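Here is a walk through a multi-chain model, with the sequence and coordinates alongside.

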Amino acid sequence: MGSTQESGTEGGVLTESLVVFLIISVVCVAGGLGVVFSRNVIHATFLLLVSLMGVAGIFLLLLAEFLALVQVLIYGGAITIVVLFVIMLTKSDEFESLVDNSQKPLAFLISIGLFVVMTVAAIAADNGNTVRASLKFSDLGHSLFTDWAIPFEVASLVLLVALIGAIVISKQGEEE
Amino acid sequence: MMLLDFTVMEGVQVAWLAPAACILAFVLIVSLRMFDSKIGSVISIVAIASGFAIFLYVFGQFNESGPAEFAREWFTIGSTKITLGMAIDQLSVVMLGVITFVALLVQIYSVSYMEEESRFGWYFGVHSLFAASMLILVLANNLLLLYVAWELVGLCSYLLIGFWYEKRSASEAAKKAFITTRIGDVGLLIGIILLYRTAGTFDTSTIIHIAQEGGFADSTLMAAVLLIFLGAMGKSAQFPLHVWLPDAMEGPTPVSALIHAATMVVAGIYLVARIFPLFEVADPSLTVVAVVGLSTAVIAASIALVMTDLKKILAYSTVSHLGFMMLALGSGAYVVAMFHLFTHAFAKALLFLSAGSVDHGTGGKRDIRQLGGLRKKMPITFVTFSIGALALAGVPPLGGFFSKDEIMMAVMDGRHPVFFLIAIIAAFMSSVYMIRALILVFFGDLKPENQEAHESPALITAPLLILAGISLVAGLVLSGWQDFFNAKHHDINFLVLALSLLASLGGLFLGWAIYSKEWISSRDVAAKFGDLEKYASNGYYLDVGYQWCIDRIVLVVARIVSLFDRIVVNDVAVNGTGYSVFLSGFKLRYVETGKVYNYALAMVVGILVVGLTIYWGLI
Amino acid sequence: MTNFWLFIPEFTITALAFGVIGADLFLARENKKYLPWISSIGLIVVLGIALNYLLGKQENLYGGLFLIDDFSMFFKVFFLILGLLVVLISSEYVKNHIKHPGEYYGILIFSILAMMLMAASGELLTAYISLELLSFCLYVLVASGRYGEKSTEAGVKYILLGAVASAFMLYGISQIYGLVGTTKFADMNLVLVAENSSALDLGLIMGIVFIIGGLAFKIAAVPFHMWAPDVYEGAPTPITAYLAVGSKAAAFALILRMMSSGFISIMEDWQMVIIVIAALTMTLGNLVALAQNNIKRLLAYSSIGHVGYLLMGVVAMTPLAFDGIMLHLVGYGVTNLACFMCIIMLYNSTGRDDVAGYAGLADRSPFLAMSMAVALFSLAGLPFFAGFTTKFYLFTAVANEGLIWLVGLAILNSLISLYYYLMVIKSMYIDPSEDTTVLVFSRYSLSVLGILVVFIFLVGVYPGPLVELIQEASQSLFSYIP
């Protein structure tokens with residue numbers, strides 16, 4: 001920990017990290033597309049898991065070990081499981097037509113457009129000197145509870161409200 | 001001029017008590033919920049009477065001490081102090097007198113005229129509010145306060161035209177009046193803000209001072225002045241924004257007399273007179289004023305010739321005379337315009353109140369074809385109406401003669417002779433329609449259904465007689481008037497005098513010949529003019545045109561925009577069923593009306609368009 | 001060492017929210033009617049504490065994460081009073097139409113906290129998480145209608161689109177952080193000034209656009225406005241009022257803070273775009289409002305129109321214009337609450353919220369009709385009422401920056417708006433109603449409505465003290481610019 005590493009490309013030569021990055025990216029994107037295009041919800045959920053794990057890989061590549069860990073634990077573990085539970089408790093065949101809508105071609109064009117713009121922006125951005133550095137867990141914890149205490153505490157309230165809200169809304173339909 | 005606080009209660013500064021009394025009356029009537037009670041009228045009349053008393057006192061003080069301004073801070077916009085301030089000068093003193101006096105008489109008249117009405121107290125409450133706002137309008141020393149009062153009188157006019165709101169036509173007319181005058185107000189507000197931008201103040205005298213020093217860019221001042229004039233056109237019913245005034249006759253007749261003849265509609269004239277130096281600096285603007293005034297005078301007069309509803313004749317006559325006043329302003333003679341405003345206010349209030357008396361005495365008849373021969377049944381009303389009509393026709397030595405003659409001279413002096421000739425034609429028509437109304441209502445044979453007609457009670461005739469008396473002698477104050485305003489006396493131009501007299505008397509004679517003696521058949525005359533007569537009786541189809549514009553342009557644009565909004569937005573409304581989420585079964589059926597996709601897509605498009613626009617610097 | 005006393009309003013209001021939710025657990029069903037009283041008294045106490053401890057303080061906590069100044073103080077007070085009024089206008093509606101009053105009030109109070117945090121945050125992440133708290137509260141509140149499938153539908157729409165907007169914002173923040181290296185507004189400004197912003201790169205532009213897009217969603221500016229009519233119509237009516245005033249004001253507070261202390265150096269590149277958005281927003285809102293026949297949808301579009309006016313102030317970017325925005329938020333807020341109070345009262349007794357349902361209201365309840373007319377006149381910007389004074393201040397401030405044509409357009413739009421407000425008034429006073437029973441309202445609702453109407457006149461006639469407060473607030477905002 002605490003090591004630093006220079007950025008991916010060096011004079012256009014493929015480095016190991018770039019290769020790894022490309023592989024992980026492909027996994028991520030493929031997983032994401034799979035979620036969108038899959039007609040079966042269960043499949044979609046597992047593809048989502050693939051995509052989320054890919055993101056964890058990218059975090060690792062960026063030397064953000066903590067985030068990678070959290071990503072695996074929370075998204076890979078908790079959230080996907082909850083989603084699966086919910087799907088199993090409901091009739092999954094209701095979702096057959098989820099991806100049908102008439103604006104698909106337009107949406108496709110716009111998404112491509114946005115993708116191109118953001119890619120151009122990323123390439124044009126002058127960030128050649130950026131050095132990847134990893135952070136001590138303890139430093140992260142320290143800054144979360146000191147400098148960033150407010151957003152951190154507010155985040156807990158967000159979760160609380162979400163929890164209460166979920167209960168309130170789901171009990172809405174029940175008669176007294 | 002001194003800038004004093006309100007708290008100083010001496011000399012002309014007590015003027016602010018006049019609107020304050022009326023506001024107090026309004027607040028009392030509304031807060032004590034005296035909407036149906038008779039006490040409302042007492043409170044209101046006491047308030048306006050004390051307003052008139054204050055005028056008398058202020059007038060006396062003014063002659064001794066001269067103009068003054070006083071103000072109290074209201075709030076600040078940045079470093080600009082917005083004040084509640086009042087300016088006492090010749091203009092505002094005159095208006096103070098006209099408003100309090102006519103309002104007092106009209107309110108007394110209303111006690112009897114409106115006694116059958118429910119919401120009697122409400123009627124007087126709004127009258128008080130109107131009087132207060134009108135007084136603030138004329139006393140205001142800054143354009144912002146003037147604008148506030150300007151909108152408030154519009155609101156009161158809306159409430160009073162729509163007083164019989166159960167009547168669809170009344171409330172439509174009220175809405176039309178409100179919206180049409182507001183079109184002018186858009187211009188007025190932009191104009192005021194334009195002036196503020198350069199001057200950094202709303203203070204009228206400061207703005208005038210800056211303009212005279214050349215502090216404004218020519219184009220700015222020109223634009224501002226013309227925009228403000230647009231506001232004046234709306235309020236003072238100048239062509240082509242005059243269409244609301246005839247419809248406003250749906251309101252109770254005393255309201256027509258007060259608001260739509262004597263006071264509110266002259267606010268535009270007052271406004272132009274108030275900032276007259278600005279018009280002088282932005283020179284060609286006065287030509288616009290003159291042209292608008294002249295066309296209004298002549299067009300409205302031609303319509304008045306063919307109207308059959310007594311109040312509509314009077315309404316178009318009001319429009320025409322407002323045109324004369326604008327013409328006088330446009331010819332550079334604002335003192336003359338104010339003088340005509342003064343004589344016209346009394347004469348026209350008199351005519352309207354007499355028309356109301358006719359209406360009252362005959363059980364609500366206003367169509368001149370159904371009236372006739374009333375002079376024996378309603379002698380007092382007949383006399384007062386005749387005085388009013390002759391005054392407006394410009395018969396010497398009544399008030400209207402002097403003021404009209406002054407206008408003609410001013411036009412001759414200040415404008416091309418063509419203006420003068422057209423004005424003479426308008427004056428001629430004005431005589432014809434006045435004598436026509438007089439003859440058709442009061443002379444000829446009494447219609448059998450009008451046998452029951454009777455003279456109105458004293459509470460109605462007393463104000464008529466007072467106004468008639470004033471109309472008789474109003475012309476005599478002319479020279480005093482000019483002294484009061486420090487204006488120079490015109491030398492009498494006998495050519496102008498002769499032509500103007502010829503126009504009035506000739507018009508009267510022609511009218512008498514057609515409608516009384518029937519030497520000339522009115523049908524033949526009408527036939528001579530062919531389609532023109534038809535156009536005139538339909539107000540030259542301006543209403544139809546405007547309606548068409550609203551239906552075919554504004555509403556269609558609104559539909560297209562909302563259609564566009566609906567292509568992406570939900571069709572009719574949230575429909576409930578399509579979107580229901582039953583969490584018990586976790587059945588998300590949002591796909592069927594899946595507009596959410598469209599909304600989200602629109603957002604992404606928005607982001608992309610905005611981002612690229614900025615990047616490429618497209619705008 | 002951080003002085004935790006400076007957080008006292010936030011702490012107490014959080015405690016209040018927990019207290020209300022907790023009290024709900026222990027109160028018997030018939031005693032739940034005390035919840036609004038607990039909430040309102042609690043809010044008054046918080047207000048008192050805030051005024052007592054923080055008035056006039058100028059502090060900067062956690063290195064610029066959290067700012068205490070006149071600006072945030074103004075909005076804290078504004079939001080607390082707004083929250084109090086929303087609790088008051090909710091009370092009867094909640095009794096009849098909401099199943100979980102404890103959670104309703106508790107979450108309402110949490111959302112006030114969120115808005116207070118938004119106005120006080122001096123940094124993007126804090127702002128974002130506060131916005132998220134606000135959004136979650138509003139999702140729940142919108143969907144909390146008891147019987148309405150409409151309400152649930154509105155909730156789903158709001159959640160889905162809100163998630164998109166929130167993703168925009170987060171993406172924008174990451175983009176900005178990646179390129180500028182900070183999320184604090186003040187530091188961002190320094191970097192941007194140093195970088196000679198004449199040639200902005202695409203990434204930065206897109207980052208800012210994403211953030212603005214997220215906020216534009218909250219204020220419902222074109223083309224991010226489409227959710228508004230649907231959600232306004234479906235949400236419980238007090239929440240519609242709250243959405244129209246509160247979440248908008250909070251988003252504007254954040255926009256003002258962010259623009260003035262973070263992006264002011266690059267504002268010139270933006271002016272034209274925001275001008276176009278402002279012009280489109282006000283024109284579209286007012287034109288489409290002409291074609292509406294549900295009163296809540298009509299007010300939704302009218303509120304879109306008002307957002308257009310407020311955006312003009314953002315374009316002008318002067319302390320004066322910011323005064324105008326804040327003042328108009330107050331004037332518009334009071335007026336809108338009064339308007340919605342009328343809608344709630346009518347809905348509670350007749351179940352109608354279409355314009356036709358207002359037919360003959362003048363005879364059925366003269367006071368309600370008159371209050372509604374006052375509120376609508378104020379929305380249209382007639383003098384004497386709050387709407388004129390605040391709009392006028394805003395327009396003048398914008399005109400001062402030379403945007404005369406834009407102001408002209410705004411005034412023209414006000415004229416259009418008068419037309420459709422008059423349609424409602426006409427309906428109340430002229431159209432005959434099938435049902436002519438006289439409506440009777442509780443003393444409580446009448447007095448709440450009365451208070452709001454008095455406020456409308458107060459702001460309209462005597463705005464002096466309010467204007468002074470606001471001027472101090474906006475000055476403190478501009479004092480961060482070096």
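A quick word on burial before anything else: a residue is buried if 20 or more other C-beta atoms lie within 10 Å of its own, exposed if 12 or fewer, and partly exposed in between, with C-beta atoms placed from the backbone. This is a predicted model, where local features need pLDDT of at least 70 and side-chain atom pairs count only at pLDDT 80 or more, while totals for chains, interfaces and linings use all residues. Residues are numbered from 1 along each chain as its sequence is written, and chains are lettered from A and ligands numbered from 1 in the order in which they are written.

**One residue in chain B**

Is Leu305(B) buried or exposed? Leu305(B) counts as buried because 21 other C-beta atoms sit within 10 Å. You'll find Leu305(B) in helix H13 (residues 284-306) of chain B; helices here are DSSP runs of H or I with at least four residues, strands are runs of E with at least two, and both are numbered from the N terminus. Two residues are in contact if their C-beta atoms, placed from the backbone, lie within 7 Å. Setting aside neighbours within four places in sequence, Leu305(B) has contacts with Met429(B), Val432(B), Tyr433(B) and Ala536(B). Take Tyr433(B): 128 residues separate it from Leu305(B) in sequence, yet the C-alpha atoms are 5.0 Å apart.

**Chain B as a whole**

Chain B has 25 helices and five strands, and 58% of its 619 residues count as buried. Of the chain B contacts between residues at least 6 apart in sequence, 80% join residues at least 24 apart.

Next, a helix pair. Helix H18 (residues 417-442) and helix H21 (residues 494-516) of chain B pack at about 35°, and their axes are 7 Å apart. Those axes are lines fitted to C-alpha atoms, for helices over the stretch in contact, and angles run from 0 to 180 degrees between N-to-C directions. The crossing of H18(B) and H21(B) is right-handed, meaning that the near helix is turned clockwise from the far one by less than a right angle. Residues making this contact include Met429(B) and Val432(B) of H18(B), along with Gly507(B) and Trp512(B) of H21(B). By class, there are 14 nonpolar, eight polar and one charged residues in the contact of H18(B) with H21(B). Ala, Val, Leu, Ile, Met, Phe, Trp, Tyr, Cys and Pro count as nonpolar, Asp, Glu, Lys and Arg as charged, and the others, Gly among them, as polar.

Strand S2 (residues 68-77) of chain B runs antiparallel to S3(B), and nine bridges join them; strands pair if DSSP finds at least two bridges between them. Ile77(B) has Thr80(B) as its bridge partner in S3(B). Two residues lie between the strands, and Gly78(B) takes a positive phi near 60°. Strand S3 (residues 80-88) is mostly covered, with seven of its nine residues buried.

**Where chain C meets chain B**

How many residues of chain C are in contact with chain B? There are 64, and they touch 57 residues of chain B. H6(C) gives the most to the chain C side, with twelve residues. That side divides into 47 nonpolar, eight polar and nine charged residues.

**Chain A**

Chain A has six helices and two strands, in the order β-α-α-α-α-β-α-α along the sequence. Of its 176 residues, 14% count as buried.

Most residues other than glycine have a negative phi, and most peptide bonds are trans. These spots depart from that:

| Site | Feature | Value |
|---|---|---|
| Phe239(B) and Pro240(B) | cis peptide bond | omega about 5° |
| Val222(C) to Pro223(C) | cis peptide bond | omega near 0° |
| Leu63(A) | positive phi, not a glycine | phi about 65° |
| Tyr62(C) | positive phi, not a glycine | phi about 50° |

Pro240(B) sits in the loop between helix H8 (218-235) and helix H9 (244-247) of chain B, and Pro223(C) in the loop between H8 and H9 of chain C. Leu63(A) is partly exposed because it has 17 C-beta neighbours inside 10 Å. Tyr62(C), with 18 such neighbours inside 10 Å, is partly exposed.
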